[in-house]
Amino acid sequence: MRIGELAARTGVSVRSLRYYEEQGLLASLRSPSGHRRYVEGQVERIILIQRLFSAGLNSRTIVDLLPCVESPSTATSEAAFERMRQERDRIDRHIEDLIKTRAVLDELISANRAHRRELASA
């Protein structure tokens with residue numbers, strides 16, 4: 001199938017599909033005229049890639065996980081598990097940082113609220 005059909009079937013833009021190919025997430029065959037051609041199995045791959053992006057993973061991490069799909073084995077499954085665990089830990093740290101940042105912002109909002117009250121009563 002051509003890139004436009006793959007985009008329509010997956011709900012992913014042509015631009016994104018080109019990006020996926022550039023990042024090594026997707027491969028295409030080329031027609032004699034140079035047009036990209038995709039096999040039927042690419043639809044499921046795109047759906048998986050979209051799900052991985054939705055989980056907060058970047059393209060570099062997704063490339064690390066794809067061997068588990070392409071060549072399933074105990075080793076690739078263990079590697080994917082470890083990589084996903086590392087990403088979850090990274091997200092947990094980011095959430096903790098955001099909570100601290102929000103607490104500081106809450107303090108600034110409270111200080112501003114008190115300052116506004118002082119100005120209003122003066």
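Visitor: What makes Glu 82 and Arg 85 a salt bridge?

Guide: In this predicted model, the closest N and O atoms of Glu 82 and Arg 85 are 2.6 Å apart. The cut-off is a Lys or Arg side-chain nitrogen within 4 Å of a carboxyl oxygen of Asp or Glu, so the pair counts as a salt bridge. Glu 82 and Arg 85 are three residues apart in helix H6, so about one helical turn separates them.

Visitor: Why is Glu 82 called partly exposed?

Guide: Its relative accessibility is 30%. Buried means under 20% and exposed over 50%, so Glu 82 falls in between. Arg 85, with a relative accessible area of 37%, is partly exposed as well.

Visitor: Is Glu 87 buried or exposed, and how do you know?

Guide: Glu 87 has 7% relative accessibility, and buried means under 20%, so Glu 87 counts as buried. The side chain of Glu 87 forms a salt bridge with Arg 83, at 3.0 Å from N to O. Both lie in helix H6, four residues apart. Salt bridges with shared partners join Asp 64, Arg 83, Glu 87 and Arg 90 into one network.

Visitor: Why is Thr 76 called buried?

Guide: The relative accessible area of Thr 76 is 18%, and the limit for buried is under 20%, so Thr 76 counts as buried. Thr 76 is found in helix H6.

Visitor: What makes the approach of the Thr 76 side chain to Ser 71 a polar contact?

Guide: The Thr 76 side chain reaches the backbone oxygen of Ser 71 at 3.0 Å. A polar contact needs N or O atoms within 3.5 Å, a donor and an acceptor, so this pair qualifies.

Definitions and conventions
Residues numbered from 1 in each chain as written. Predicted model: local features only at pLDDT ≥ 70, side-chain atom pairs only at ≥ 80, totals over all residues. Heavy atoms only, no water. Helix = DSSP H or I, 4+ residues; strand = E, 2+ residues; numbered from the N terminus. Buried < 20%, exposed > 50% of the residue type's maximum accessible area, 1.4 Å probe, protein only.
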